[in-house]
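Here is a short tour of one protein chain, written for someone who would rather look at a structure than read a list. Keep the model open as you go.

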Amino acid sequence: YGWQQDAYLERETIALSKEWTQVVEGEYYIDHSSDEPGATIWVENNKLWIEGLLTDRTRLYPISSRDFFIESGLNMTLVNDEEDLPNVLDVEGEVQLIRKKRYEP
């Protein structure tokens, strides 16, 4: 992938279905009172991108339908909320970002 920090790791990525990328896309906030998203995820040219307080605009690489990483080595997992819907972005097990506009199937 061209970065040095994780050059020794071989991380296989997967292609997400169009339906699942629509699940992943959205704005994730530190809490419900936050005005600025901690992260915004979107699709551009069939690739996932992320930008926000966590990182400048960068590619988001899926390694499973719920697990992702960025080039700096930061790992993220899409987890279910209290209603068992994928509305929480867990960052390294340290920070959980939530959607204000919830994903509803």
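Asp84 counts as exposed, because its relative accessibility of 56% is over the 50% cut-off. You will find Asp84 in the loop between S7 and S8. Please keep in mind that this is a predicted model. The backbone at Asp84 deserves a look too: its phi is near 65°, a positive value in a residue other than glycine. Most residues other than glycine have a negative phi.

Glu92 also has a positive phi, of about 55°, although it is not a glycine. Glu92 sits in the loop between S8 and strand S9 (95-98). With a relative accessible area of 38%, Glu92 is partly exposed. A further positive phi, near 55°, belongs to Asn45 in the hairpin of S2 and S3. That hairpin has 2 residues between its strands.

The table lists the pairings, with one bridge partner pair for each.

| Strand pair | Bridges | A bridge pair |
|---|---|---|
| S1 and S2 | 3 bridges | Tyr28 and Ala39 |
| S2 and S3 | 5 bridges | Glu44 and Lys47 |
| S3 and S4 | 2 bridges | Trp49 and Arg59 |

Leaving aside residues up to four places away in sequence, Arg59 touches Lys47, Leu48, Trp49, Phe69, Ile70 and Glu71. Among these contacts is Trp49, the bridge partner of Arg59. For a sense of scale, Arg59 and Thr77 are 18 residues apart in sequence and 15 Å apart in space, C-alpha to C-alpha.

**The nonpolar core**

In soluble globular proteins, nonpolar side chains tend to be buried together. Here the largest nonpolar core has 16 residues. Which residues have the most contacts inside this core? They are Ile41, Ile50, Leu60, Phe68, Met76 and Leu89. Two or more residues of the core come from each of helix H1 (18-24), strand S2 (39-44), S3, strand S7 (75-79) and strand S8 (88-91).

Beyond residues up to four places away in sequence, Ile41 touches Val24, Glu25, Gly26, Tyr28, Leu48, Trp49, Ile50, Leu60 and Leu89. Ile50, Leu60 and Leu89 in that set are also among the residues with the most contacts inside the core.

**Nonpolar groups at the surface**

Some nonpolar residues are found outside, though. Ile30, Leu53 and Val95 make a nonpolar surface patch of about 250 Å². Leu53 is found in the loop between S3 and S4. Is Leu53 buried or exposed? Leu53 is exposed, because its relative accessible area of 52% is over the 50% cut-off.

Notes: Residues numbered from 1 in each chain as written. Predicted model: local features only at pLDDT ≥ 70, side-chain atom pairs only at ≥ 80, totals over all residues. Heavy atoms only, no water. Pairing = 2+ DSSP bridges. Helix = DSSP H or I, 4+ residues; strand = E, 2+ residues; numbered from the N terminus. Contact = heavy atoms within 4.5 Å. Core = buried A, V, L, I, M, F, W, Y, C linked by side-chain atoms within 4.5 Å. Buried < 20%, exposed > 50% of the residue type's maximum accessible area, 1.4 Å probe, protein only. Patch = residues over 30% accessible without salt bridge, like charges linked within 9 Å, V, L, I, M, F, W, Y side chains within 5 Å. Areas by Shrake-Rupley, 256 points an atom, 1.4 Å probe, with all protein chains shown as cover. Salt bridge = Lys/Arg side-chain N within 4 Å of Asp/Glu carboxyl O.
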